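Please open the structure in your viewer and keep the sequence at hand.

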Amino acid sequence: MRKVTIHPTMSAAVADIPDGASIMIPGFGPGTPWNLLRALWDQGARELTLITNTIGFPATDDRLRTVGNFVEDGRVKKLYSSFTASTRPSREGVGERLVREGKMESELVPQGTLAERIRAGGAGIPAFYTPAATGTLLAEGKEAREFGGREYLLEHAIFADYAFIRAHRADEVGNLLYRRAARNYNPIMATAATHTIAEVEEHVLPIGAFDPDHIHTPGIHVESLVQIPTDGFFAVSRELTIGATPAPATT
Amino acid sequence: MTSTTERVRLTREQMGAVIAQRFEHRWIVNLGIGIPTLASSFVLPDQEITFTSENGVIGYGGLAPDGLEDPDVVNAGVQHVVLEQGAAIIHHADSFGLIRRGLVDVTCLGAYEVAADGSFANWKLADDGHPELGGIGGAMDLAACAKQIFVAMEHVTRDGSPRLLEQCTLPVTAPRGVKLVVTDIAVVSIDDQGFVLEEHAPGWTLEEIQELTAAPLRASDSLRPIGI
């Protein structure tokens with residue numbers, strides 16, 4: 001079994017990411033790779049394509065950067081997300097003005113379709129049919145087909161250059177475990193990128209520490225790891241992020 | 001019908017409790033962001049409800065008490081909830097696989113508008129020529145694939161306009177499927193002829209509720225006050 005690269009710092013982990021890269025960003029509250037995002041912010045890469053659940057409002061805590069921060073700073077060329085605009089009448093979302101001015105592209109994707117497009121990307125399936133969004137504005141321009149008397153829309157796989165992963169535990173081979181609902185997009189994004197980089201909460205364990213029956217993401221999908229330090233600037237713990245990403249409200 | 005009882009508007013928590021009363025035994029329930037998330041705090045153990053959230057939690061209960069939140073256990077609204085004994089966690093694609101395959105008995109969602117044909121709108125505030133701007137989350141998947149849809153919303157907008165309409169004016173989340181609407185003054189079901197008033201908030205008459213509803217509202221044979 002091959003050992004994966006273990007970067008000495010968050011900065012080293014993101015150093016080679018070029019302008020124009022496409023990056024999968026997991027997280028639904030928990031499971032967000034806060035430290036890799038913050039390091040990428042310092043590194044300064046632009047013209048990014050980001051694939052993520054929600055654009056989110058920009059973070060004000062200096063240790064945290066959301067996708068909203070990257071968008072607001074004009075670093076995002078294209079965004080795939082299930083929330084691309086504010087759902088409150090009183091508060092315009094960060095990316096809306098940029099999209100209306102033609103400075104950023106966005107693809108608004110229903111969340112299940114987004115998850116399946118990522119899974120398909122990681123599973124070598126170029127396209128698939130789903131009933132989500134039939135009969136809505138989002139169906140316009142899409143190929144539709146009937147199966148069993150019901151209409152479905154054709155959707156295409158998404159595959160990225162990089163995936164930033166937030167893992168609870170890892171071993172030297174890159175096998176990963178996630179904790180509770182921090183799992184969300186992590187396992188599928190880990191399979192759907194050329195370079196999968198995981199920031200790891202607990203101490204990276206030696207080869208053989210994991211029971212083969214109890215692995216969420218096999219190391220075969222993982223290119224590199226970086227340990228989250230226990231203190232210092234990049235030690236964004238789970239506890240810090242309680243309340244950091246409130247959900248958008250519909251009504 | 002006349003009433004001399006003081007007119008009461010339900011609080012968000014009370015609306016959550018009303019929704020919870022409507023769950024049938026052993027249902028698998030999905031709760032969307034907003035008022036629906038409150039329902040998980042009001043089910044009774046003998047209802048044997050399984051709450052599943054779109055972010056992959058199968059089996060959670062009410063909101064976690066302050067100071068006892070597990071940072072990694074959240075519902076669709078990213079609120080910290082308590083895991084039930086026997087809970088399981090799955091990833092995002094498997095979570096929507098479970099939804100898409102029809103395992104969810106009811107999805108409870110917020111909305112801006114609900115129409116008499118069972119369509120509803122909750123992802124975009126205006127048809128502005130930018131379909132790539134909006135907030136869908138899991139609503140379209142849930143609306144297309146859950147066995148039925150309950151909506152929880154205020155009966156009128158902040159400026160007093162009806163939200164129960166003949167047709168949605170905003171881009172729809174789904175063209176059909178809403179079976180029940182719980183508002184702060186009424187419980188309204190939808191059948192193939194349109195809106196039926198099932199329950200009214202204390203002090204409200206059918207006529208008063210009809211005035212705030214922009215489509216015909218028929219009285220149910222068993223019209224009664226909301227039990228709170």
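This is a predicted model: local features need pLDDT of at least 70, side-chain atom pairs count only at pLDDT 80 or more; totals for chains, interfaces and linings use all residues.

Residues are numbered from 1 along each chain as its sequence is written, chains are lettered from A and ligands numbered from 1 in the order in which they are written, and side-chain values use heavy atoms, with hydrogens and water left out.

**Aromatic rings in chain B**

Rings of Phe, Tyr and Trp (its six-membered ring) pair if their centres lie within 6.5 Å; planes under 30 degrees apart count as stacked, over 60 as edge-to-face and the rest as tilted. Over all chains, the count comes to eight aromatic pairs. Select B:F23 and B:W27: their ring centres are 6.5 Å apart and their planes stand at 50°, so this pair is tilted. B:F23 is buried at 5% relative accessibility (buried means under 20% relative accessible area, exposed over 50%, partly exposed in between, with a 1.4 Å probe and protein chains only). B:W27 is also buried, at 9%.

B:W27 lies in the loop between helix 1 (12–21) and strand 1 (28–31) of chain B, and B:F150 in strand 8 (residues 148–152), so the pair ties together parts 123 residues apart in sequence. Helices (H or I, at least four residues) and strands (E, at least two) are DSSP runs, numbered from the N terminus.

**Charges over rings**

A charge sits over a ring if NZ of Lys or CZ of Arg is within 6 Å of the ring centre and within 35 degrees of the ring normal. In chain A, the charged end of A:R65 sits over the ring of A:W41, 5.1 Å from its centre. In chain B, select B:R7, whose charged end sits over the ring of B:W204, 4.0 Å from its centre.

**A helix residue in chain A**

Select A:N186, in helix 6 (residues 186–191) of chain A. A:N186 is buried at 0% relative accessibility.

**Cysteines**

Where does the closest cysteine sulfur to that of B:C108 lie? It belongs to B:C145, 16 Å away, too far for a bond. Zero disulfides (cysteine sulfur atoms within 2.5 Å) are counted over all chains.
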